[in-house]
Amino acid sequence: TNAVGCDSVATLILTIRQTSTSTTEVSVCSNTPSYLWNGIVRSAPGTYTYTTTNAVGCDSVATLILTLRQTSTSTTNISVCSNTPTYLWNGIVRSAPGTYTFTTTNSVGCDSVATLILTLRQTSTSTTNISVCSNTPTYLWNGIVRSAPGTYTYTTTNAVGCDSVATLILTIRQ
C-alpha cells in the first residue's frame, strides 16, 4: 500500500551475470620448471588459482594445474684398447680418451643427456733375443718349438684384456 492507501506495485528486474572459470594444464620439464602464469612465476608442481573480474563484473577464477616432466641422464663407462682406440657412440666415432656428452629429447619431450667416459687400456709388447748353438738349434717358445733363425711373434691377451705381442729374435751360433 502506498502513502494514500492504494496498491503500490514494485517491479524488480533481476539479471544474473555469470562468473567465469578456466582451467589450464601445463607440463614443464624438470630442468626448466618455471612457468609464467598471470604475471606470477610458478616453479613447483601443483594447482594454483587466480581470481579477477570478468567482462560483466563478476568473479573470474582461473586454475593452473602445473606438472613436471622428468629429464633423463645416463652414464656409460667404456674402455678400449690403445691399438684400436675408436668407439662409435650415438653416431659419432670417438678415438681420444675423455668425457663426452650427447643431448637429445626423451620420450616425455624433455632433455635426455647421455655421458660417455672413454678410457684407454694399454696393449703390451715384449722382445726376447735368444741365441742357441748350432748343435742344439731348437728353442721352445710359447709352446712352439723354433729351430730356424728368424723373428717370430706371438699374440695373446694381457691382464687388461688387450693385445700382448711377444717377439722372439732367434739366432744360431756356430
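These questions and answers walk through a predicted model of one chain.

Trainee: How many helices and how many strands does the secondary structure of the chain come to?
Mentor: Start with the predicted model as a whole. The chain has 174 residues. Its secondary structure comes to zero helices and 15 strands.

Trainee: Is the chain compact or spread out?
Mentor: Along its principal axes, the C-alpha trace spans about 155 × 25 × 20 Å. The globule rule gives 16 Å for 174 residues. The radius of gyration is well over that, at 41 Å, so the chain is more spread out than a compact globule.

Trainee: What percentage of the residues count as buried?
Mentor: Buried means under 20% relative accessible area. The chain exposes about 11600 Å², and carbon and sulfur atoms supply 51% of that area. Of the 174 residues, the part that counts as buried is 22%.

Trainee: How many aromatic pairs does the structure hold, and which type is the pair of Trp37 and Tyr50?
Mentor: The structure holds three aromatic pairs. In the pair of Trp37 and Tyr50, the ring centres are 6.3 Å apart. Planes over 60 degrees apart count as edge-to-face. These planes are at 70 degrees, so the pair is edge-to-face.

Trainee: How many residues apart in sequence are the parts that Trp37 and Tyr50 tie together?
Mentor: Trp37 lies in strand β2, residues 35-37. Tyr50 lies in strand β4, residues 46-53. The pair therefore ties together parts whose separation in sequence is 13 residues.

Trainee: Which strands hold Trp89 and Phe102?
Mentor: Trp89 and Phe102 form an edge-to-face aromatic pair, 6.4 Å centre to centre, with 75 degrees between the planes. The pair links distant parts of the chain, 13 residues apart. Trp89 is in β7 (residues 87-89), and Phe102 is in β9 (residues 98-105).

Trainee: Which residues form a nonpolar patch on the surface?
Mentor: One of them is Leu12, in the segment before β1 (20-29). Leu12 has a relative accessible area of 71%, so Leu12 is exposed. Together the patch has about 400 Å² of accessible area, and its residues are Leu12, Leu14 and Ile16.

Terms used:
Residues are numbered from 1 along each chain as its sequence is written. This is a predicted model: local features need pLDDT of at least 70, side-chain atom pairs count only at pLDDT 80 or more; totals for chains, interfaces and linings use all residues. Side-chain values use heavy atoms; hydrogens and water are left out. Rings of Phe, Tyr and Trp (its six-membered ring) pair if their centres lie within 6.5 Å; planes under 30 degrees apart count as stacked, over 60 as edge-to-face and the rest as tilted. Helices (H or I, at least four residues) and strands (E, at least two) are DSSP runs, numbered from the N terminus. Patches are made of residues with over 30% relative accessible area and no salt bridge: like charges are joined within 9 Å, nonpolar side chains (Val, Leu, Ile, Met, Phe, Trp, Tyr) within 5 Å. Accessible areas come from the Shrake-Rupley method with a 1.4 Å probe; for residues, only the protein chains shown count as cover. A salt bridge is a side-chain nitrogen of Lys or Arg within 4 Å of a carboxyl oxygen of Asp or Glu. Buried means under 20% relative accessible area, exposed over 50%, partly exposed in between (1.4 Å probe, protein chains only). The radius of gyration is taken over C-alpha atoms; the globule rule is 2.2 Å times the number of residues to the power 0.38.
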